[in-house]
Amino acid sequence: MSQSSSHVLTRWEPESPSFWQQDGKAVARRNLWLSIPALTLAFIIWQVWSVAVLNMPNIGFSYTQNQLFWLAALPALSGATLRIFYSFMVPIFGGRRWTAISTASLLIPAIGIGFAVQDPNTSYVTMLILALLCGFGGGNFSSSMSNISFFYPKAEKGTALGLNAGLGNLGVSVVQFVVPIVITMGLFGSFGGEPQTWVKGEATKQMWLQNAGFVWVPFIVLSTLAAWFGMNDIASAKASFADQAVIFKRKHNWLMCWLYIGTFGSFIGFAAGFPLLMKGQFPDVDPSKYVFFGPLVGALARPVGGWLSDKMGGAKVTQVVFALMIAAVFGVLNFLPHGGEGGNFQGFFAMFLCLFALTGIGNGSTFMQVPAIFLTLHQRMAGKGDAAQKKAVADATKEAAAVLGFSGAIGAYGGFFIPKSYGTSIALTGGVDAALYAFIAFYVSCLLINGWYYARKNAEVPC
């Protein structure tokens, strides 16, 4: 492989079988396996508030339920907005440089949270700012997926992107599992600050809520260094914002954004709102014992969705996913308590696990669809001859990478709207049923769009 420096790849032809087997596969895999832990940490910081808020009222923070929902939802709002910009950063800065920079930025909210939660007198405005800064983690997803898409041939993109996103998504489950454990111990001694007194009724105990932020700092530093020294930039992936902005004229960019709201938007929204939803609907259940299972199932299902799509076609998998998600939301409605009476926690929990699994599979299938759609479109537009077809592949790869990042940005707004939908539904109707019926209506629209444009016989772009 020709390299202008130890980190810049001046020749990169993953669609060439000889190049891929001789040099490309090993380099692509190294970049993928360094990208995954960086993305996992990004998701951890992005979702740390979803579990930290559960303990704040018990250590002296006098926030209302609505204020706590805001803290859980704001990282998704800022993360989704940052994703719009992060979508275009890899072709401008290079994948290695941007991965290292964006991972290092996670230190700001991690350290900030560690100090802020030690004092119950910390202003709510400060907490809101820290929640917004956690959006750095959310933004990283778009640049990470864009970067990895450049490294793999079409036949392996679904699996590679599924692994990157799926194992990255594990950060949501990791943070919801690890934080309840680490806040019960003084991990850093005197360097980590004094414990707080947790009070609920007559029960009291010591808690180090600052560990929710501090515990990730060493891992962020290590991952930043690994990305800087171990990853690569691809010279042929360079493109200006103007070159990439053509995606805003592509109809299929907007259609895939809509579908990705239904898959990833649901995954991250359910993850952000699950702890508070469970606590509100089943007050006798300890959410910290259960909430991490949902994101875990969803994250592990994502590579399966990518693999299935490489074998069967992404549109077919996506179609089945949305049909089953509609059924699962009806299941959730059936097991919820109404008017403070009835309800079945086991059924509620099982239906949400199904939803998380389906969103994970759908995340993988929709992200397989994007490269396939844009390669087909560019090959149709290209002239005859090897040179024209080679240019079509290069142009399709750049556009697909931008669409992957941008659709990831739009989809991430689900992480804000789903928790806020719960809060708004409770405020207006006294329950969450209205929000869940709205989700069903949205999934029906996704089913119709995917079926018409991609999944049906004689679809416009079968994939």
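How are α5 and α6 oriented to each other, roughly parallel or roughly antiparallel?

## Helices α5 and α6

In this predicted model, helix α5 and helix α6 pack at an angle of about 155°, with their axes 9 Å apart. The two helices are therefore roughly antiparallel to each other, a term used for angles over 145 degrees, whereas angles under 35 degrees count as roughly parallel, 65 to 115 as roughly perpendicular and the rest as oblique. The axes are lines fitted to C-alpha atoms, for helices over the stretch in contact, and the angles run from 0 to 180 degrees between N-to-C directions. The crossing of α5 and α6 is left-handed, meaning that the near helix is turned anticlockwise from the far one by less than a right angle.

The residues that make this contact (heavy atoms within 4.5 Å) are I108, P109, G112, I113 and A116 of α5, together with M127, L130 and L133 of α6. Sorted by class, the contact of α5 with α6 has seven nonpolar residues, one polar residue and no charged ones; here Ala, Val, Leu, Ile, Met, Phe, Trp, Tyr, Cys and Pro count as nonpolar, Asp, Glu, Lys and Arg as charged, and the others, Gly among them, as polar.

## The buried side of α5

Helix α5 covers residues 107-116, and its buried residues are P109, A110, G112, I113, G114 and A116, where buried stands for under 20% relative accessible area, exposed for over 50% and partly exposed for values in between, with a 1.4 Å probe and protein chains only. These buried residues pack against α1 (17-52), α6 (124-133), α7 (135-151), α9 (211-214) and α10 (217-230).

S35 is located in helix α1, and with a relative accessibility of 2% it counts as buried. When its neighbours within four places in sequence are left aside, S35 is in contact with S144, I148, N164 and M231.

## Helices α12 and α15

Helix α12 (residues 251-281) packs against helix α15 (residues 345-381) at an angle of about 155°, and their axes are 9 Å apart, which makes α12 roughly antiparallel to α15. The crossing in which α12 passes α15 is left-handed, and the residues of their contact divide into 21 nonpolar, nine polar and no charged.

L277 belongs to helix α12 and counts as buried at 5% relative accessibility. Not counting residues up to four places away in sequence, L277 touches F348, F352, Y422 and V432. L277 and P419 are 142 residues apart in sequence, yet 8.3 Å apart in space, C-alpha to C-alpha.

## A hairpin and an exposed asparagine

Strand β2 (residues 196-200) and strand β3 (residues 203-207) pair in the antiparallel sense over five bridges, pairing being assigned if DSSP finds at least two bridges between two strands. Q196 stands opposite M207 in β3. The two strands form a hairpin with two residues between them, and G201 in the turn has a positive phi of about 65°.

N458 also has a positive phi of about 65°, although N458 is not a glycine. This residue is placed in the segment after α18 (433-455) and is exposed, with a relative accessible area of 67%.

Helices (H or I, at least four residues) and strands (E, at least two) are DSSP runs, numbered from the N terminus. Residues are numbered from 1 along each chain as its sequence is written, and side-chain values use heavy atoms, with hydrogens and water left out. For this predicted model, local features need pLDDT of at least 70 and side-chain atom pairs count only at pLDDT 80 or more, while totals for chains, interfaces and linings use all residues.
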